[in-house]
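The following exercises concern a single protein chain. Please study the sequence and the structure before reading each solution.

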Amino acid sequence: MGTLVGGAPRETIYNLEAAELLANEAQHLPILEATPIYEKLVSTFPTSAKYWKLYVDACMRVNNYEEVKQIFNRCLLNCLHISLWRSYILFIRKTNEKKGPVGLQQIRVAFDFMLNKIGNDIASGPVWMEYITFLKSKPASSPQEESQRMASVRQVYQKAILIPMHHLDQLWRDYEIFEKSVSQTLAKGLLSEYRPKYNSAKAVYRERKQLIDNIDWNMLAVPPTGSSKEEVQCTAWKRLFAFEKGNPQRIDAASANGRVNFTYEQGLMYLYHYPEIWYDYAMWQSKSSPSESSINTFQRALKALPDSDILKYAYAELEESRGAMLSAKKIYESLLAENKNTTSLAQIQFLRFLRRTEGVESARKYFVEAHNSPTCTYQMFVAFAKMTSCLDKDSKVAQNVFETGLKRFMNEPAYILEYADFLCQLNDDRNVRALFERALSSLPPEKSIEVWNRFVQFEQTYGDLSSMLKVEKRRKEALSKAKSEDGSSSALENNLYDVATRYSFLDFCPCSSKDLDHLSRQEWVANIGNKRAAEKPSLLEFCGAPNYNVSKFSRNSAETDEFLRLCSPPLQAFITNLPPVEGVVPDVDLVLSILSQSSIPARRAASPSTRRGKRRDRGHEEDDTVPTRPMPRDVFHLRQKLRVATSSTQTESSVSARSVLCPAGQSLITE
């Protein structure tokens, strides 16, 4: 049971093989020893009808009916599975059949409750039949009770034949027999009324069955890992949701909504850890059901996925849209209190919420309080400055906010660029240049690339030619020091690619796309060559150096760990299982750049007729071509050829013998 301990890694908690082993072990243990195992299983997989049913069956075997009741109260409404609910009705019948009329009434109430919850299941046909059989067997002491019993049976039949499920044909035949046994005259009218509805349900059943057949009903609810099987199952459920939402049977809105609700509840048994399914369900409920239903769904979703911030934002948005501002505010406050890693985003969204619901002044008070926090980041300053500039129409206040933030975030290039964009909107070119100069004087070269690029772009747009060329030269000098240490001056030289960049605008370019691609490729190759000149002084050394090894991206390096962290689990497994590289490791970028500039003509395949002609012309000349692939061996044809060859050989031998023993013109048969 150690593999399902809470607080363990996700892969350990949701170990399906370990869960199966525990379930099998628990079935062979006494109930007192098995109970902790079952509790661990159902707490890990709270929507698994399989494990709940095993738990129930174990308690029923020892007649622990009080425990059975508690288990059913915990699991029934979240596990809409036929097998579990049939165990429930079996338990109700077992404990109430001997209680007389009161017990029979309890059984009937349980049947109604069960069919109200799972009556739309495609496999619920036997349950409907069982209920009808129970109603028919119910004793009637008077004609009035008999009439009520017949009316109840008719009502159940008429509900059942409208559901696209297995055994629908059998239910219709039973209904026909029932109505004809009661009254031939009444049966004719009722059957003609319900036959089209039955035919419609039958047609929908065929489509519904095709969709449901793609669903794996033995799947356990685990967090998504990105496997192909999980994607297939998620897609299959989404198709079923869309099918039921379309109301293909054209039934009344209440019945159609009930069927969609049932389908979503069933889907969540298997997609319990998928936030998009919870969100889709809640949004559908907000449009088609009372708002309390969607609120309840969001609350259940956050209980299932307590760490899902995106669901919390969606929940707060729903509360705000329905005017429940206090509830929405509590959700934002919980985000601020619980999420230490995403506090900045929560602060920004709360700031916007306050501006929408309480006004700009309330948002300003919160910013004054929040910006002194050590966890406050530059994004908070940008958000409030833009809000102030747009809503208050006071650029001075917004600029003061940017200046205050600049004292803390001078080393953040993204903040510098946001501030520069704001000043550009104010047409304050003098302060824009001053901001770039201040930032570039303090930023390290490796973090200043984007700032230099924006400075160059600003001068190209608003400066004169001399300032534009001057800034471009300064950028090249600064970045060449950061990128290369070999002292090469080629990076500082002017080239045509700089001119093409300088005179481009949006999607306009002063040269063709082919020329631009060529120029950019030349620039890229030159940068790579300058950067790696010390490592690869010549192409011959690159191709044939026996002791050349690349260690920059080794298996245990920090770069490798960072790269693997961003990959999906299947890609991580593939990369970690690759064998270690020994010997020459070619530089892929350099190889591709050289090949892209080569002019090797493509080999044109000769036609079959040409090849045949060449073979005839060559005659007995030596064939120096690559041998063609041999035809596959066909054992059957080889045996047939062998038999024909053997038969012909025997025939020739017989003819030869006859020619030897019997001269020409004589017969072997003498008179």
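**Exercise 1. The chain as a whole**

How many helices and how many strands are there in the chain? State also what share of the residues is buried.

*Solution.* The model under study is predicted. Step one: the chain holds 33 helices and zero strands. Step two: of its 671 residues, 36% are buried. Step three: the chain exposes about 40,900 Å², and carbon and sulfur atoms supply 55% of that area.

**Exercise 2. Helices α4 and α5**

Determine how α4 and α5 are oriented towards each other, and list the residues that form their contact.

*Solution.* Step one: helix α4 covers residues 49-61 and helix α5 covers residues 65-75. Their axes come within 9 Å and cross at roughly 165°. Step two: angles over 145 degrees count as roughly antiparallel, and α4 and α5 are therefore roughly antiparallel to each other. Step three: the crossing of these two helices is left-handed. Step four: α4 contributes W52, Y55, V56, C59 and M60 to the contact, while α5 contributes E67, V68, I71, F72, R74 and C75. Step five: sorted by class, the contact of α4 with α5 has nine nonpolar, no polar and two charged residues.

**Exercise 3. Helices α19 and α20**

Carry out the analysis for α19 and α20, beginning with the angle at which their axes cross.

*Solution.* Step one: the axes of α19 (residues 360-370) and α20 (residues 378-391) cross at roughly 155° and come within 11 Å. Step two: this angle makes α19 roughly antiparallel to α20. Step three: α19 passes α20 in a left-handed crossing. Step four: on the side of α19, the contact is made by V360, A363, R364, Y366, F367 and A370. On the side of α20, M380, F381, F384, M387 and L391 take part. Step five: the residues of this contact divide into ten nonpolar, no polar and one charged.

**Exercise 4. S152 and C509**

Where do S152 and C509 lie, and which residues do they touch beyond four places in sequence?

*Solution.* Step one: S152 lies in helix α9, which covers residues 143-160. Step two: S152 counts as buried because its relative accessibility is 10%. Step three: its contacts, leaving out residues up to four places away in sequence, are with R108 and L135. Step four: C509 is placed in the loop between α26 (496-502) and α27 (513-531). Step five: at 29% relative accessibility, C509 counts as partly exposed. Step six: apart from neighbours within four places in sequence, C509 is in contact with S504 and L516.

Notes
Residues are numbered from 1 along each chain as its sequence is written. This is a predicted model: local features need pLDDT of at least 70, side-chain atom pairs count only at pLDDT 80 or more; totals for chains, interfaces and linings use all residues. Side-chain values use heavy atoms; hydrogens and water are left out. Axes are lines fitted to C-alpha atoms, for helices over the stretch in contact, and angles run from 0 to 180 degrees between N-to-C directions. Helices (H or I, at least four residues) and strands (E, at least two) are DSSP runs, numbered from the N terminus. Angles under 35 degrees count as roughly parallel, over 145 as roughly antiparallel, 65 to 115 as roughly perpendicular and the rest as oblique. A crossing is left-handed if the near helix is turned anticlockwise from the far one by less than a right angle, and right-handed if clockwise. Contact means heavy atoms within 4.5 Å. Ala, Val, Leu, Ile, Met, Phe, Trp, Tyr, Cys and Pro count as nonpolar, Asp, Glu, Lys and Arg as charged, and the others, Gly among them, as polar. Buried means under 20% relative accessible area, exposed over 50%, partly exposed in between (1.4 Å probe, protein chains only). Accessible areas come from the Shrake-Rupley method with a 1.4 Å probe; for residues, only the protein chains shown count as cover.
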